[in-house]
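Subject: Structure handover

Hello,

Here is the structure I said I would pass on. Please open it alongside this message.

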Amino acid sequence: MAKVGIVMGSDSDMPVMAQAAAVLEKLGVEFEMTIISAHREPDVFFEYAKSAEARGYKVIIAGAGKAAHLPGMCAALFSMPVIGIPMKTSDLGGVDSLYSIVQMPSGIPVATVAINGGANAGILAAKILATSDGELLGRLKQYSEDLKNDVVKKAEKLDEVGYKAYLEGMKK
């Protein structure tokens with residue numbers, strides 16, 4: 001059974017939502033991903049959100065742009081955590097989406113990550129699940145250690161080759 005539902009309002013959101021999926025895959029967390037428009041197919045959306053718990057979801061990650069109602073509507077219908085990812089839009093750069101997701105009314109919270117913050121949404125979902133899964137917690141700790149080691153390696157390389165060569169290497 002899937003533990004995380006990943007839902008987006010449009011396939012244009014896929015590059016960002018795929019970041020969440022990639023992190024969950026790396027951490028060994030089961031998920032299901034779909035595209036549902038809360039505005040264009042509200043009946044399909046309501047069925048998705050109302051049946052999420054029965055399908056084994058413990059967290060929903062919902063990405064949306066512009067009016068960005070998808071995460072809030074998920075939170076209104078799903079009793080467990082919802083993580084909203086505001087999408088960067090061409091109109092207002094994603095600030096409209098961010099405000100829509102983060103300014104939920106009292107009683108309907110949506111955890112919100114940065115604009116286009118797909119990877120952090122995946123990590124946050126895993127952290128929520130890890131509160132009751134020791135093995136997942138261990139994988140998260142290793143993930144954090146790997147991030148730290150990556151930074152140490154970059155700093156060592158910079159010390160070794162100097163900033164000009166390092167910068168040139170980044171352009172390749």
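Below is what I found, starting with the whole chain and ending with single residues.

**Overall**

Please keep in mind that this is a predicted model. The protein chain has six helices and five strands. Read from the N terminus, their order is β-α-β-α-β-α-β-α-β-α-α. The C-alpha trace spans about 60 × 45 × 30 Å along its principal axes. The chain holds 172 residues, and 37% of them are buried. Its exposed surface comes to about 9700 Å², with 55% supplied by carbon and sulfur atoms. I also looked at contacts between residues at least 6 apart in sequence. Of these, 64% join residues at least 24 apart.

**Helix 1 against helix 6**

Helix 1 covers residues 14-27 and helix 6 covers residues 134-170. How do the two pack? Their axes are 10 Å apart, at an angle of about 115°. Angles of 65 to 115 degrees count as roughly perpendicular, so helix 1 and helix 6 are roughly perpendicular to each other. On the helix 1 side, the contact is made by Val23, Lys26 and Leu27. On the helix 6 side, Leu136, Arg139, Leu140 and Tyr143 take part. By class, this contact has five nonpolar residues, two charged ones and no polar ones.

**Helix 2**

Helix 2 runs over residues 42-51. Its buried residues are Phe45, Tyr48, Ala49 and Ser51. What do they pack against?

**Gly63**

Gly63 is found in strand 3. Its relative accessible area is 0%, so Gly63 is buried. Which residues does Gly63 contact, leaving aside neighbours within four places in sequence? They are Val7, Met8, Gly9, Asp13, Met17, Leu70, Ile85 and Met87. Take Met17 from that list. Gly63 and Met17 are 46 residues apart along the chain, yet their C-alpha atoms are separated by 7.0 Å.

**Salt bridges**

Side chains of opposite charge can pair when their charged atoms come close. The count here is three salt bridges.

- Lys66 and Asp91: their side chains meet at 2.9 Å, N to O. This pair links distant parts of the chain, 25 residues apart. Lys66 sits in the loop between strand 3 (59-64) and helix 3 (70-77). Asp91 sits in the loop between strand 4 (82-86) and helix 4 (95-102). Lys66 has 44% relative accessibility, so Lys66 counts as partly exposed.
- Lys148 and Glu145: the closest N and O atoms are 3.8 Å apart. Because these two are three residues apart in helix 6, about one helical turn separates them. Lys148 is partly exposed at 49% relative accessibility. Glu145 is also partly exposed, at 34%.
- Lys171 and Glu168: here the closest N and O atoms are 4.0 Å apart. Lys171 counts as exposed, because its relative accessibility is 60% and the cut-off is over 50%. Glu168 has a relative accessible area of 44%, so Glu168 is partly exposed.

**Where to look**

Then go to Gly63 in strand 3. After that, find the pair of Lys66 and Asp91.

Best wishes

How values were computed. Residues are numbered from 1 along each chain as its sequence is written. This is a predicted model: local features need pLDDT of at least 70, side-chain atom pairs count only at pLDDT 80 or more; totals for chains, interfaces and linings use all residues. Side-chain values use heavy atoms; hydrogens and water are left out. Axes are lines fitted to C-alpha atoms, for helices over the stretch in contact, and angles run from 0 to 180 degrees between N-to-C directions. Helices (H or I, at least four residues) and strands (E, at least two) are DSSP runs, numbered from the N terminus. Angles under 35 degrees count as roughly parallel, over 145 as roughly antiparallel, 65 to 115 as roughly perpendicular and the rest as oblique. Contact means heavy atoms within 4.5 Å. Ala, Val, Leu, Ile, Met, Phe, Trp, Tyr, Cys and Pro count as nonpolar, Asp, Glu, Lys and Arg as charged, and the others, Gly among them, as polar. Buried means under 20% relative accessible area, exposed over 50%, partly exposed in between (1.4 Å probe, protein chains only). Accessible areas come from the Shrake-Rupley method with a 1.4 Å probe; for residues, only the protein chains shown count as cover.
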